[in-house]
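User: I'd like to learn how to read side-chain features in a model like this one. Could you walk me through a few of them?

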Amino acid sequence: MGDPEPPEFGSVEEELQYWKEQAAKHQQSAEEAQEELQEFQQMSRDYEVELETELKQCEARNRELLATNNRLRMELENYKEKYETQHTEAYRQISTLEGDLAETTAVRDQLHKYIRELEQANDDLERTKRATIMSLEDFEQRMNHVIERNAFLESELDEKENLLESVQRLKDEARGESLSATPLTMSARISALNIVGELLRKVGNLESKLASCRDYVNEQTANRRGHAGGQATAAAGQNNSSDTHPTNGLYNKGLVKRLDFGAGPKLLL
């Protein structure tokens, strides 16, 4: 922006006064500009010192960052190497685990099959157990029946022994009377014969019952053996048949011998 055009002066004094005022004004402006320049220079020096300090700090920071960058690069390279190594190891382990998984799956399938077979075998055993329990219960019932028949047989045997003792006593009495030469009356003879006939009839009935009991016991024993093992031998059958006795006890030689009255006069009707 230029200076304004000077006005027209009426005299030299006015012109001189005008230019003095202009000179003073410019002098003041120059002084103010000089002060501002000095202030600017001082501020520039301060800024320069501050910038140099900041520059040094930035350079130091830059060196630190470069060192950190180099260190991080080295660490990155190490991590890359470790990653490659771990990746290779992990791939190898994954391959091994896949093989182990295949083997484990095969073993699991085999175990499942074995478990199903065990369950089937367990079911079969349960059925066999129930059948065995039922067979044992049936066998127990049969044994109880056999025990009852044996008890009855023992009582019948006791009665048979008592009858044999009675017959032997009568035989001894008859022999004693024959030796004493005392003739028997007709009624005594008839009574003695009736007693002997009754005793022989009872002995025959007992022999028949005993034979029936023996047959039943032998039959139950054969059934039990056949149910337990199914291995009844022919020898056992022959022994069972040889153990049976005729139902008519009068034809048993041992019994006839035991009922023999011995020597003496015959009893006549």
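This is a predicted model: local features need pLDDT of at least 70, side-chain atom pairs count only at pLDDT 80 or more; totals for chains, interfaces and linings use all residues.

User: Which side chain does Arg 92 meet in a salt bridge?

Analyst: The partner is Glu 89, with an N to O distance of 2.2 Å. Glu 89 is partly exposed too, at 32% relative accessible area. Both residues sit in helix α1, and because they are 3 residues apart, about one helical turn separates them.

User: How many salt bridges does the structure hold?

Analyst: There are 6. One of them joins Asp 124 and Arg 127 at 2.1 Å, N to O. These two lie in helix α1, 3 residues apart, about one turn of the helix. Asp 124 is partly exposed at 31%, and Arg 127 is partly exposed at 42%. Another links Glu 64 with Arg 61 at 3.5 Å, N to O; this pair also lies in helix α1 with a spacing of 3 residues, about one turn.

User: Where does helix α1 run, and how many helices and strands does the chain have?

Analyst: Helix α1 covers residues 12-179. The protein chain has 4 helices and 0 strands, giving the pattern α-α-α-α along the sequence. Of its 269 residues, 10% count as buried.

User: How do I read a pair of aromatic rings?

Analyst: A pair of aromatic rings is described by the distance of the centres and the angle of the planes. The structure holds 1 aromatic pair. The ring centres of Tyr 18 and Trp 19 are 5.2 Å apart and their planes stand at 70°, so this pair is edge-to-face. The cut-off behind that step is a plane angle over 60 degrees. Tyr 18 is buried at 16% relative accessible area, whereas Trp 19 is partly exposed at 43%.

User: And which residues gather in a patch of negative charge on the surface?

Analyst: Look for Glu 31, Glu 32, Glu 35, Glu 36 and Glu 39. Among them, Glu 32 is in helix α1 and is partly exposed, with a relative accessible area of 40%.

User: Which residues form a nonpolar patch?

Analyst: Met 43, Tyr 47 and Leu 51 do, and together they have about 320 Å² of accessible area on the surface. Tyr 47 belongs to helix α1 and counts as partly exposed at 48% relative accessibility.

Notes
Residues are numbered from 1 along each chain as its sequence is written. Side-chain values use heavy atoms; hydrogens and water are left out. Rings of Phe, Tyr and Trp (its six-membered ring) pair if their centres lie within 6.5 Å; planes under 30 degrees apart count as stacked, over 60 as edge-to-face and the rest as tilted. Buried means under 20% relative accessible area, exposed over 50%, partly exposed in between (1.4 Å probe, protein chains only). Patches are made of residues with over 30% relative accessible area and no salt bridge: like charges are joined within 9 Å, nonpolar side chains (Val, Leu, Ile, Met, Phe, Trp, Tyr) within 5 Å. Accessible areas come from the Shrake-Rupley method with a 1.4 Å probe; for residues, only the protein chains shown count as cover. A salt bridge is a side-chain nitrogen of Lys or Arg within 4 Å of a carboxyl oxygen of Asp or Glu. Lys and Arg count as positive and Asp and Glu as negative; His and the chain ends are not counted. The place of a charge is taken as NZ of Lys, CZ of Arg, CG of Asp or CD of Glu.
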